[in-house]
Amino acid sequence: MTFSIIARDEITGFYGIAVASRFFAVGSVIPHFGRNCAVASQALVNPMWGIAGVQHLSSGMSAADALNTTKLLDNGQSQRQVHMIDQAGKTAAHTGTDCIGWAGHLTEDGV
């Protein structure tokens, strides 16, 4: 089981991701940062979700648009989870219908 949180500090504009999991070296595959955005991709991890998400967000896409565009790139999206936060602090998240066990997400602006 993996838990992650992604947030943007409204005062400094800094982004952060924290991850807890039973999997080794999870910190090397889940968090992805751009200058003005952050993405956490987990479940059956596809690192390209983080890379593509950061590219879309860095180009100025909203979190919702970046998420929708990223999902289209992967036929395995039903087994993935991703959380994104854009430069305005808006968030978007996806939990695939085929994620194992209990899986879900909660979102608010900034976190």
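**Figure 1. Contacts and overall dimensions of the chain.** Of the contacts in the chain with a separation of 6 or more, 37% are accounted for by residues 24 or more positions apart. The model is predicted. Along the principal axes, the C-alpha atoms fill a box of roughly 35 × 25 × 25 Å. The radius of gyration is 13 Å, which agrees with the value near 13 Å for a compact globule of 111 residues.

**Figure 2. Order of the helices and strands.** The chain has two helices and six strands. Read from the N terminus, the elements follow the order β-β-β-β-α-α-β-β. Strand β6, for example, covers residues 91-95.

**Figure 3. The largest nonpolar core.** This core has 11 residues: Cys37, Val39, Trp49, Val54, Leu57, Ala63, Ala66, Leu67, Val82, Met84 and Ala92. At least two of the core residues come from each of four elements, namely strand β4 (37-43), helix α1 (47-58), helix α2 (63-72) and strand β5 (80-85). In the chain as a whole, buried residues make up 39% of the 111 residues.

**Figure 4. Surroundings of tryptophan 49.** Tryptophan 49 belongs to the largest nonpolar core. With neighbours within four places in sequence left aside, its contacts include the core members Val39, Leu67 and Val82. Tryptophan 49 is also in contact with Ser41, Thr70, Lys71, Asp74, Gln77, Arg80 and His94.

**Figure 5. Surroundings of histidine 94.** Histidine 94 lies in strand β6. Its relative accessibility is 8%, so the residue counts as buried. Residues up to four places away in sequence not being counted, histidine 94 touches Trp49, Leu67, Lys71, Gln77, Arg80, Gln81, Val82 and His105. Histidine 83 is 11 residues from histidine 94 along the chain, and the C-alpha atoms of the two are separated by 6.6 Å.

Figure 6. The side chains include 6 positive and 8 negative ones. The centres of these two sets lie 6 Å apart.

How values were computed
Residues are numbered from 1 along each chain as its sequence is written. This is a predicted model: local features need pLDDT of at least 70, side-chain atom pairs count only at pLDDT 80 or more; totals for chains, interfaces and linings use all residues. Side-chain values use heavy atoms; hydrogens and water are left out. A nonpolar core is a set of buried Ala, Val, Leu, Ile, Met, Phe, Trp, Tyr and Cys residues joined through side-chain atoms within 4.5 Å. Buried means under 20% relative accessible area, exposed over 50%, partly exposed in between (1.4 Å probe, protein chains only). Contact means heavy atoms within 4.5 Å. The radius of gyration is taken over C-alpha atoms; the globule rule is 2.2 Å times the number of residues to the power 0.38. Lys and Arg count as positive and Asp and Glu as negative; His and the chain ends are not counted. The place of a charge is taken as NZ of Lys, CZ of Arg, CG of Asp or CD of Glu.
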